[in-house]
Amino acid sequence: MAEDDVLAAARARAQEVGVVPLGSGAGAALRFLASVLDARAVVEVGTGTGVSGLWLLRGMRSDGVLTTVDIEAEHQRLARQTFADAGIAPQRARTIPGAALDVLPRLTDGHYDLVFCDGDKAEYTAYLREALRLLRPGGVVAFDNALWHDRVADPAQRDEDTVVIRELGREIAENDSLVSALLPVGDGLLVAKKEWSPEPGEA
């Protein structure tokens, strides 16, 4: 899918600061998910220079707010520039600098429609636990790099990041409260919907 000048500029900034941005195929998938969910509140782990955030914001409802977390405050400054260039109102993007596992526990339980994770791969299973707490029933969690350069499918690959992503896929598949799919876009986008849980006393 063709990207506009704002996204092209964000990609150029990403290259300058050594960030690997989300691919356009995965970006289009995120925009679609945000739109289908009519998302009002989204969490992003890994702001980068705003490429994935802009895709998400463009799919969210017009009053929706993106909360995006990154350990690099400078990257978030560049992301805010991307959002401004795209005409996104400042109040629609809440940037929080800090380590994801320090920030996520401070966010509100059951409040979010979509959680997108593209941070430290070694922390992916920990992000899943936080996402399941943060998501409303019917909400979706998405993980980028779920194929990890085709290493995940190769049992001979045993480095930490590959093993964690492999474990993530297994944990999601074995969780009866999740409906999941691995989308073959970019480096793999693993998505899982948190099913509605019946209230006590309901059938």
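Let's start with aspartate 38, which is partly exposed at a relative accessible area of 45% (buried means under 20%, exposed over 50%, and partly exposed in between, with a 1.4 Å probe and protein chains only). Salt bridges with shared partners tie Asp38 into one network with Arg40, Arg61 and Asp63. A salt bridge here is a side-chain nitrogen of Lys or Arg within 4 Å of a carboxyl oxygen of Asp or Glu.

Before going on, a word on the model: it is predicted, so local features need pLDDT of at least 70 and side-chain atom pairs count only at pLDDT 80 or more, while totals for chains, interfaces and linings use all residues. Residues are numbered from 1 along each chain as its sequence is written, and side-chain values use heavy atoms, leaving out hydrogens and water.

Aspartate 38 meets the side chain of arginine 61 in a salt bridge, 3.5 Å from N to O. That pair links distant parts of the chain, 23 residues apart: aspartate 38 sits in the loop between α2 (24-36) and β1 (41-45), and arginine 61 in the loop between α3 and β2 (65-70). Helices (H or I, at least four residues) and strands (E, at least two) are DSSP runs, numbered from the N terminus. Arginine 61 counts as partly exposed, with 26% relative accessibility.

The structure holds 13 salt bridges in total. Side chains of opposite charge can pair when their charged atoms come close. Glutamate 3 pairs with arginine 11, and the closest N and O atoms are 2.6 Å apart. Glutamate 3 is partly exposed at 25%, and arginine 11 is partly exposed at 22%.

Now for a helix, α7, which covers residues 160-174. Which residues of α7 are buried? They are Thr162, Val163, Val164, Ile165, Arg166, Leu168 and Ile172. These buried residues pack against α6 (124-134), β5 (135-144), β6 (178-183) and β7 (189-194), where contact means heavy atoms within 4.5 Å.

Terms used: Expected span 1.5 Å × (residues − 1).
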